[in-house]
Amino acid sequence: MKEAVPSHPRQALRWLAAQGALHAGALLIGFGCFVLLFRTDLWSGVTILFYRGLILLVVAFLVSVVATAALAGLGRAWGLRRRDALGACVLSLALNLSVFVIFPVTVDRSISVFLLGQMAAHPEEHFSAERARAVFESVYLGEFRQIERRLAEQTASGNLAADGDGYVITPQGRAFIRLSGLVAKVFQTDPRMIEGRPSSGNPPTR
C-alpha cells in the first residue's frame, strides 16, 4: 500500500524539507561524482566523448544511489525512506545527461564554438564570412582533420563501414538518418543537414 504524505502540518513541512534536502544532496553528489570521474582515467580508452560520458553517467548514478540511500536512512525520523533515494537519483541522472549534452558535447563538436574560439584568439581583428570560411577550411578541416575524426567515429559507432579506400553507410547508419529525419520534422530543424541533396553544379557520382 502506498504510503501517504504526513497529514499534520508540522510533519508535512518537515517531510517536504527532508525531501528537498535529499534531492539537493542527490543532485550535488551525482554532478560532483560525474565531474570528478571525467578527471580520472576511467574508460579513457573510449575516445568518443559522448560514449565515455554515457558510461560515466551510469557510474555516477550508481554511486549517488548508494550515497543517497544512506542519507535517506539517516532521515527516517523525518519520513524519508530508502526508496525515495531512487527517485532523487533518477532526477540527478536526467539533469546530468542534459548538462553533458548541452555543454561538453557542444563545446567538443560545435562549429560555432570553433569559430568563436578563433575570433577570441584575435579579438582586435575583423572576420568576414570569407575569412571565417578560409579559417574553417585550413584549420578545422585541414590542421585539425575533423572530417577524418568524424569518419573514424562513425565507423566505430557502426554507422559507416570501410570499403576499399573509402566508406559506405551501413543499414544502422541509414536507420539513424531516418530517425534524424523524423526528429527534424518534429522540431523543425534544417532538413538540408540530413537530406543529402547534391549542391548545384556538382552532380552526384554513381
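Predicted model: local features only at pLDDT ≥ 70, side-chain atom pairs only at ≥ 80, totals over all residues.

Me: At what distance from the centre of the Phe-127 ring does the charged end of Arg-131 sit?
Reply: Residues are numbered from 1 along each chain as its sequence is written, and side-chain values use heavy atoms, leaving out hydrogens and water. A charge sits over a ring if NZ of Lys or CZ of Arg is within 6 Å of the ring centre and within 35 degrees of the ring normal. For Arg-131 over Phe-127, the distance to the centre is 4.0 Å.

Me: Which arrangement do the rings of Phe-34 and Phe-38 adopt?
Reply: Rings of Phe, Tyr and Trp (its six-membered ring) pair if their centres lie within 6.5 Å; planes under 30 degrees apart count as stacked, over 60 as edge-to-face and the rest as tilted. Here the centres are 5.2 Å apart and the planes stand at 75°, so the Phe-34 and Phe-38 pair is edge-to-face.

Me: Is Phe-34 buried or exposed?
Reply: Buried means under 20% relative accessible area, exposed over 50%, and partly exposed in between (1.4 Å probe, protein chains only). Phe-38 has 24%, so Phe-38 is partly exposed. Phe-34 has a relative accessible area of 5%, so Phe-34 is buried.

Me: Which residues form one aromatic cluster with Phe-34 and Phe-38?
Reply: A search of the whole structure finds nine aromatic pairs. The cluster holding Phe-34 and Phe-38 also takes in Phe-50, Tyr-51 and Phe-100.
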